[in-house]
Amino acid sequence: MNIAVVILAAGKGDRMESAIPKVMHPLGQAPLLIHALRAGQALNPARTIVVTGHDAENVAHTARQFHHSVECIRQAEQLGTGHAVAQARNTLSNFDGDVVVLYADTPLICPESLQRMIEARAQHDVVVLGFHSHEPSKYGRLVMAGHSLERIVEYKDANTHEKSITYCNSGLLVCEKDRLFELIEDVENTNAANEYYLTDIIAQARSRGLRCTAVTCAEDEVLGINNREELGKAERLFQSQKRSNAAQKGALLIAPDTVFFSFDTEIEHDAVIEPYVVFGPGVTVQSGATIRSFSHVEGAEIRPGCTVGPYARIRSHTTLNDNVRIGNFVELKNAEIARDAKINHLSYIGDANIGEAANIGAGTITCNYDGVMKHHTIIGKEAFIGSNTMLVAPVEVGDNAITASNTVVTRNVEPDALAIGRSKLTVHKNGARKLRNRLIAKHHKHPTQSNECAE
Ligand code: UD1
Ligand code: CA
């Protein structure tokens, strides 16, 4: 079946009390809109259309960043969800197939539910996604006659009896394209909100004898976000979903409630995530890798057998190849670390390639920024970088080379070479004893001058 996904994202979202349009608020570190786009993508649609309105340019930019094929159309005035869908009519004039309407403020939707809607379409003209709720609050209510959906009544327009219905509208629906636009054409705005409700197409369809039904999903999956509180609730649901997905895939989360994921975090089987770890966008933790407590990881591929942390910070464009060890208070950015390399303590490695089995001593810093430009550092395989080495980039240290501790490396070090750059050490025989005796004598002569007596 040919599918076009239409995502409604034009609303401002007044109830968010924010300068940012609702659909740009983050959930799992990605705008709500991205979640809707990802859900739609799972249907492998021929077309994806986002209806923009408030802050249209920004919203369209985000949509196109998700995928360049996403088409954005503008709803100049927000006259209701039916009016929003109608904006896609011309854009879809040469499309044949079904339209799936998604709301960008409903981000937790599972692809399986969309699939079930599409299956139900085989027997019905319009299929909506519904859910049962103990606290249906302001959702539209589904008025059923057996399996037939007769109409949807918006909360604002519902009478007391209708308000007592606990079967609710998620907003998502699927219908054949030409039929959908025909039905919308007859929708009027004579209601409490003076809006063209998409939900009114059900009554239109039934009056023409068309078959309408609802497919049911879990309430948590279709939480509609209208205010900050609901956004907070969605974040909690999202995190708990990601935690249980990771566990189902065979990862070990020692204290799941203390681990925070991004929308795209991938954790493979037998990975171990210790308590208090935060994942920013773009992270893959492959099988058998361990992320130790209090680490912050983003934009990184962590291959099998690696250990990261405790207290590590991994930033974007970083790859840790097999069995790499990253220890406490190490920051990495834009770094490719070859297999078996170790960076165990207190280091900054940015814009760098570290060779296989290289050992980076405590306090090593790649001085990558000269105040104007960033420069690259290359460390060869099995190189030994002594503690407190400053690598002034651009610079290269060859395979098996050694830098002595406290060396400032300002030019390339060839393979197998030893680089030492520090001031000469002088040791005075018995100097400590002589110094101490001198100080003690001074103290006895002028006791009040000593620090020991000072208050
Ligand atoms: C809508 C449904 C309601 C359902 C609920 C589920 C209608 C009339 N009502 O109500 O039955 O229970 O969602 O969450 O559809 N939008 C536009 N242009 C507009 C108006 C809205 O693009 O002119 C977009 C919004 O940005 C939002 C979505 O459509 O992403 C839903 O709009 P919203 O105003 O939140 O609808 P609800 O009142 O929640
Ligand atoms: Ca809503």
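Colleague: Where does ligand 1 sit?

Modeller: Ligand 1 sits in the largest pocket. Sitting there means that more than half of the molecule's atoms lie within 2 Å of the pocket's grid points. This is a predicted model, where local features need pLDDT of at least 70 and side-chain atom pairs pLDDT 80 or more, while totals for chains, interfaces and linings use all residues. Residues are numbered from 1 along each chain as its sequence is written, chains are lettered from A and ligands numbered from 1 in the order written, and side-chain values use heavy atoms, without hydrogens or water.

Colleague: Which residues come nearest to ligand 1?

Modeller: Gln75, Thr81, Tyr103, Glu154 and Asn169, out of 23 residues around ligand 1. Being around it takes a heavy atom within 4 Å. That shell divides into 9 nonpolar, 10 polar and 4 charged residues, with Gly counted as polar.

Colleague: What polar atom of Gln75 lies 2.7 Å from a nitrogen atom of ligand 1?

Modeller: A side-chain atom. For Asn169 a polar backbone atom is 2.6 Å from an oxygen atom of ligand 1, and for Gly11 a polar backbone atom is 2.9 Å from an oxygen atom of the ligand. The cut-off for such N or O pairs is 3.5 Å. The protein buries 89% of the 760 Å² that ligand 1 exposes when taken alone, by Shrake-Rupley with a 1.4 Å probe.

Colleague: Back to the site. How much space lies in the largest pocket?

Modeller: About 1700 Å³, as the space filled by probe spheres set on the grid points. A pocket here is an open set of points on a 1 Å grid over the protein atoms alone, where a 1.4 Å probe fits, with protein on both sides within 12 Å along at least five of seven lines; lining residues have an atom within 4 Å of a point. Of the 48 lining residues, Arg15, Lys22, Asp105, Lys138 and Asn226 are closest to the centre of the largest pocket.

Colleague: Which helix gives the most to the lining of the largest pocket?

Modeller: α8, with 5 residues.

Note on methods:
Helices (H or I, at least four residues) and strands (E, at least two) are DSSP runs, numbered from the N terminus. A polar contact is a pair of N or O atoms within 3.5 Å; within protein, one must be able to donate a hydrogen and the other to accept it, and residues adjacent in sequence count only if both atoms are side-chain atoms.
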